[in-house]
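Hi everyone, thanks for making time. I'd like to walk you through a structure, so please have a look at it while I talk.

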Amino acid sequence: MSDFTPRVLSGIQPTGHLHLGNYLGAIRKFLPLQDSYPCLFCVVDLHAITAQLVHDDLAAQTRSIAAAYLAAGIDPERSIIFNQSRVSGHAELAWIFNCVARIGWMNRMTQFKDKAGKDRENASLGLLAYPSLMAADILVYRATHVPVGEDQKQHLELTRDIAIKFNNDLSVRIEALGLGKPIAMGEETVHGYFPITEPIIEGPATRVMSLKDGTKKMSKSDASDLSRINLTDDSEGIARKIKKAKTDPDSLPSEEAGLQGRPEADNLVGIYAALAGTSKAAVLSDFGGKQFSEFKPALVDLAVSALGPVTAEMRRLMDDPGHIDAVLKAGGEKANAIAEETMRDVKSILGMLQD
């Protein structure tokens with residue numbers, strides 16, 4: 001077993017409006033992690049340019065995500081909040097990982113296939129190498145745990161593959177320099193520099209789906225604003241979107257197995273469970289046999305109650321961009337201190353000259 005110092009890293013891309021899926025699937029789950037781990041929460045602005053180089057509102061979107069972190073209760077005195085581009089180690093380590101990862105690994109990434117579509121030859125190299133940068137985001141801090149959605153599991157597996165290959169290929173040098181830790185790899189023990197990062201996936205709404213189509217993930221890029229609840233929506237907007245959410249004609253089942261084959265019902269029950277901090281089974285115990293005409297108003301009340309304080313605090317913070325910028329600057333300095341140490345070690349392992 002390895003004994004790397006526990007550390008959590010997670011990030012959100014600053015493109016489009018933050019929505020309920022971001023909140024339930026990521027931001028709200030960050031809060032209890034502060035009690036168990038040293039945490040870094042990043043706004044991944046370098047990832048934002050992989051498909052589109054210029055965004056007129058990139059700075060505003062970056063501040064918006066930082067505001068959401070703060071509004072949800074992430075404490076900048078306990079955790080590090082920063083934007084990725086402030087720390088050059090992300091891009092520097094990503095290039096080294098481009099030389100570790102194999103082209104075949106990248107070609108198997110399902111998100112690249114989805115985003116590139118049929119015109120793969122015209123996609124940016126950055127879009128193809130996105131998972132390598134994600135691996136660098138994690139490993140430049142030697143993070144041991146990453147809270148991820150189910151759709152990001154494949155990228156975290158690639159992060160683990162990169163760490164394993166780096167450790168295996170350079171084990172002798174790592175041990176000779178006294179820089180790594182012993183890591184059990186099956187029956188063998190390898191002296192590795194990078195931890196084999198573990199995912200944190202939990203809760204009844206790890207993947208929140210569209211309010212208009214329960215088979216598609218809730219997305220910032222969906223053309224229909226009715227497909228998502230934005231964190232900036234007021235109570236009237238939340239109520240309108242939930243009331244218009246797609247359902248089926250049947251009543252809610254009494255047991256969770258009855259949600260199979262009913263994606264919209266499953267999604268709304270999952271959202272209720274996540275907002276209430278309970279299970280789908282508990283929600284169905286209360287609402288089983290009832291129609292959506294009775295369930296939706298209860299979901300509206302719960303969503304408005306849970307999201308109202310976050311929305312109000314986000315708006316207050318966005319009115320003070322100087323404060324947000326100060327938080328990101330201070331966080332960037334703390335993050336950079338960790339990343340610089342990692343890059344010094346990595347360059348030593350690779351035999352690069354340094355001051």
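I'll go through the strands, then a surface patch, and finish with a database annotation.

Keep in mind that this is a predicted model.

Let's begin with strand β2, residues 39-43. Five of its five residues are buried, so β2 is largely enclosed by the rest of the structure. C39, F41 and V43 point one way, while L40 and C42 point the other way.

Who are the neighbours of β2? Strand β1, residues 8-12, pairs with β2 in the parallel sense through five bridges, and G11 has C42 as its bridge partner. Strand β3 also pairs with β2 in the parallel sense, this time over four bridges. There, L40 stands opposite I80, and V43 is partnered with N83. β3, residues 80-83, is covered on both faces too: I80 and F82 are buried on one side, I81 and N83 on the other.

On to the surface. I49, L53 and V54 form a nonpolar patch of about 300 Å². L53 sits in the loop between β2 and α2. Is L53 buried or exposed? At 65% relative accessibility, L53 counts as exposed.

Last, the annotation. An unreviewed UniProt entry lists residues 14-22 as a short sequence motif, the 'HIGH' region. In this model that stretch is 33% helix and 0% strand, with its end C-alpha atoms 11 Å apart.

Terms used:
Residues numbered from 1 in each chain as written. Predicted model: local features only at pLDDT ≥ 70, side-chain atom pairs only at ≥ 80, totals over all residues. Heavy atoms only, no water. Buried < 20%, exposed > 50% of the residue type's maximum accessible area, 1.4 Å probe, protein only. Helix = DSSP H or I, 4+ residues; strand = E, 2+ residues; numbered from the N terminus. Pairing = 2+ DSSP bridges. Patch = residues over 30% accessible without salt bridge, like charges linked within 9 Å, V, L, I, M, F, W, Y side chains within 5 Å. Areas by Shrake-Rupley, 256 points an atom, 1.4 Å probe, with all protein chains shown as cover. Salt bridge = Lys/Arg side-chain N within 4 Å of Asp/Glu carboxyl O. UniProt positions renumbered as here; feature names shortened; annotations may be inferred.
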